[in-house]
Amino acid sequence: MPELKITQQHLEHDAYLYIRQSTPRQVLENTESTQRQYALRDRAVALGWPLERIHVLDCDLGKSGSQSAGRDGFQKLVSEVALGKAGLVMGLEVSRLARNSADWHRLIELCSLAGALILDEDGIYDPANFNDRLLLGLKGTMSEAELHFLKARMRGGVINKARRGELEMRPPIGLVYRDDGVLILDPDAEVQAAMRLVFETFERTGSAMQTSKLFREQGLVFPRRIRKGVNKGELHWGGRHPRESCRCCITPAMRVPSSTVACAPAFCQTAGTARPRFPGRNGSS
């Protein structure tokens with residue numbers, strides 16, 4: 001029985017429950033998955049760990065498991081295991097802990113050296129045991145492959161819509177999609193006025209960087225739509241900061257002929273990251 005793997009030595013150390021959801025949207029909508037993850041705490045109590053010695057690490061909610069960078073909760077878990085404080089590591093499934101084989105196998109190795117067990121929804125595993133370690137490795141590989149398959153399906157759907165001419169991409173500021181999918185000018189009069197000013201300045205100066213410079217020097221603001229978060233879709237006026245004012249360099253690219261549209265992204269990036277040249281040095285952008 002899995003319970004036979006748990007010894008008094010394991011119970012003398014703390015239990016750590018790692019909880020994660022990949023995106024903020026999943027946190028809001030997939031509440032059942034989050035509840036199932038928190039329910040693992042009851043499994044640890046049933047196995048003999050007192051509630052006060054079960055640590056819940058849930059600060060990575062809304063973060064991808066494709067890498068450990070930026071996941072403070074996972075980093076803390078690895079640190080606690082490495083310090084020998086953990087007797088049990090819990091996660092609903094391997095994909096909750098990591099979707100990267102390097103991170104997953106590092107955790108397995110640390111658990112093996114520290115004598116910690118790993119628990120998921122299917123059972124309890126001892127990384128020091130060859131058979132358990134083999135199964136944990138296979139689960140980690142499948143979790144990483146699943147992420148690849150999901151991305152491939154999503155990309156395939158995007159390419160298929162693009163071939164049919166039905167792909168809606170994020171339009172540049174000044175353009176919005178109508179309810180029937182037709183791209184039109186932003187109905188906001190202030191946005192239209194700002195766009196006309198950008199075009200007029202660009203025609204007069206003939207340079208995207210000069211346009212950005214004039215906007216910055218004159219303290220002119222430039223509109224943008226908030227793309228994510230609770231204020232999604234709302235209009236925000238910025239541009240006083242040099243980086244923000246460089247957004248106006250993107251707009252003239254809308255006037256580039258369709259035959260050269262592929263050059264627009266490179267043009268925008270160069271305009272936004274140009275660096276001054278110094279005598280005796282090669283300038284770079």
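Which residue just after α9 takes a positive phi? Gly-219 does, with a phi of about 70 degrees. The model described here is a predicted one, in which local features need pLDDT of at least 70 and side-chain atom pairs count only at pLDDT 80 or more, while totals for chains, interfaces and linings use all residues. Residues are numbered from 1 along each chain as its sequence is written, and side-chain values use heavy atoms, with hydrogens and water left out.

**The sheet**

- Strand β4 (residues 117-119) runs antiparallel to β5 and is joined to β5 by two bridges; in β5, Ile-124 is the bridge partner of Leu-119.

**Nonpolar cores**

- The largest nonpolar core has 20 residues, and those with the most contacts inside it are Leu-77, Val-89, Trp-104 and Leu-107; such a core is a set of buried Ala, Val, Leu, Ile, Met, Phe, Trp, Tyr and Cys residues joined through side-chain atoms within 4.5 Å.
- Two or more residues of this core come from each of β1 (14-18), α4 (72-82), β3 (86-90), α5 (94-97) and α6 (101-114).
- Leaving aside neighbours within four places in sequence, Leu-107 is in contact (heavy atoms within 4.5 Å) with Phe-74, Leu-77, Val-78, Val-81 and Leu-97.
- A second, separate core of 15 residues includes Ala-15, Ala-44, Ile-54 and Leu-117.

- Ser-33 lies in helix α3 (residues 31-46) and is buried, with a relative accessible area of 19%, since buried means under 20%, exposed over 50% and partly exposed in between (1.4 Å probe, protein chains only).
- Beyond its neighbours within four places in sequence, Ser-33 is in contact with Gln-21 and Leu-92.
- In helix α9 (residues 208-217) the buried residues are Ala-208, Thr-211, Ser-212 and Phe-215, and because they cover an arc of only 95 degrees around the axis, they are on the same side of α9 (the arc is that of the directions from the helix axis to the C-beta atoms).

Definitions and conventions:
Helices (H or I, at least four residues) and strands (E, at least two) are DSSP runs, numbered from the N terminus. Two strands pair if DSSP finds at least two bridges between them.
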